[in-house]
Amino acid sequence: MPRVAQGRLSFERAGAQTVLRDAYAESPLRLLTPRNHGEAAWVYTSTLGGGFVDGDRVRLRISVGRAARAFVSTQGATRIYRSPQGCESETVAEVAAGGALVLAPDPTACFAGARFRQRTELDLAASASVLVWDVLSAGRSARGERWAFDRCSLGLALRQQGRTVLDESWLLDAAHGALGGRLGRFEALGTVLLAGPLFASARAALRAQVDGGPVRARARLLESGSALGADALVVRFAAASVEELVGTLRDRLAAIPALLGDDPWARRS
């Protein structure tokens, strides 16, 4: 069996701030912990070599303690190189009562010949909150590698107080037909998930924006939202460019930096 590189992050509340109590990473996973001016603790992940190579398998476990707030992202785009044996990334997060996690990685780009499986599992206690966004790009379109990967599977699961409210997986497989033709004009796909009380107003605003806009022929952006019970929402996007999709996500979720106390995207604009 291929070796699985393990990583873990543990966030706890300390007075008015959140601190990172425990951080551990095995190669090729790396963890960066920059300072910020808010009450949330931030962590950026990366991999040696700037992406996943054939056979890489990574499992990251995140624990957010009671009333703690955490922001986890990536240092840059996640690149998946040609990988006949496949690559895997799994993230498992537990958020305690009153805690909040924002999991917002940069886009994933699967290059020609890549085979990639990603799975994100979220387990929320009562009154816990989570925001996850995930973006998949067409790859290196400028080099003729537009939707040229072999296979990409993206799984997302959410449990609230032990009850499963979402468990889904997207599968894009060239064996089912040429991906470029099937995806047409779109260069990026995205998913946003918001759950819990901290993100209630952001969730309502996002739902209103998604429901309020008309669908136009040949639109550059398509979006569709689905409520998951009383306090969770999943929205799916397709966009004609990665930049347009990421910009839309930041615009739609403009209230999030205030909840963190600092803006992680302002430093990278």
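Buried means under 20% relative accessible area, exposed means over 50%, and partly exposed lies in between, using a 1.4 Å probe and protein chains only. By that rule Gln 161 is exposed, at 62% relative accessibility. This is a predicted model, in which local features need pLDDT of at least 70, side-chain atom pairs count only at pLDDT 80 or more, and totals for chains, interfaces and linings use all residues. Residues are numbered from 1 along each chain as its sequence is written, and side-chain values use heavy atoms, with hydrogens and water left out.

Helices (H or I, at least four residues) and strands (E, at least two) are DSSP runs, numbered from the N terminus.

- Most residues other than glycine have a negative phi, and most peptide bonds are trans.
- Gln 161 is not a glycine, yet its phi is positive, at about 50°. Gln 161 sits in the loop between strand S16 (151-160) and strand S17 (163-173).
- Ala 67 is not a glycine either, and its phi is positive, near 65°. Its place is the loop between strand S6 (57-64) and strand S7 (69-74). Ala 67 is partly exposed, at 31% relative accessibility.
- The peptide bond from Ser 27 to Pro 28 is cis, with omega near 15°. Pro 28 belongs to the loop between S2 and strand S3 (29-32).

**Strand pairing**

- Two strands pair if DSSP finds at least two bridges between them.
- Strands S1 (residues 5-14) and S2 (residues 17-25) run antiparallel and are joined by 8 bridges. Arg 8 has Tyr 24 in S2 as its bridge partner.
- The hairpin of S1 and S2 has 2 residues between the strands, and Gly 15 there takes a positive phi near 70°.
- S9 and S12 run parallel, with 9 bridges between them. Glu 90 stands opposite Arg 119 in S12.
- S12 also pairs with S16 in the parallel sense, over 10 bridges. Here Arg 117 has Ser 153 in S16 as its bridge partner.
- Strand S12 (residues 115-124) has 7 of its 10 residues buried, so it is largely enclosed by the rest of the structure.

- Contact means heavy atoms within 4.5 Å.
- Leu 206 lies in helix H2 (residues 200-212). Leu 206 is buried, at 0% relative accessibility.
- Beyond its neighbours within four places in sequence, Leu 206 is in contact with Val 192, Leu 194, Leu 233, Val 235, Arg 252 and Leu 253. The C-alpha atoms of Leu 206 and Leu 253 are 7.4 Å apart, although 47 residues separate them along the chain.
- In helix H3 (residues 242-252), the buried residues are Val 242, Leu 245, Val 246, Thr 248, Leu 249 and Arg 252. They cover an arc of only 160° around the axis, so they lie on the same side of H3. That arc is taken from the directions from the helix axis to the C-beta atoms.
- The cover over the buried residues of H3 includes H2, strand S13 (129-137), strand S18 (188-195), strand S19 (221-227) and strand S20 (232-239).
- At the start of H3, a side-chain oxygen of Ser 241 comes to within 3.0 Å of the backbone nitrogen of Glu 244.

- Thr 47 is part of strand S4 (residues 41-47). Thr 47 is buried, with a relative accessible area of 16%.
- The side chain of Thr 47 reaches the backbone nitrogen of Gly 51 at 3.1 Å. Leaving out residues up to four places away in sequence, Thr 47 touches Pro 28 and Phe 52.
- Tyr 81 is in the loop between strand S8 (78-80) and strand S9 (87-95). Tyr 81 is partly exposed, with a relative accessible area of 27%.
- With residues up to four places away in sequence left out, Tyr 81 touches several residues, among them Gly 51, Phe 52 and Phe 111.
- Tyr 81 and Ala 230 are 40 Å apart, C-alpha to C-alpha, and 149 residues apart in sequence.

How values were computed
A polar contact is a pair of N or O atoms within 3.5 Å; within protein, one must be able to donate a hydrogen and the other to accept it, and residues adjacent in sequence count only if both atoms are side-chain atoms.
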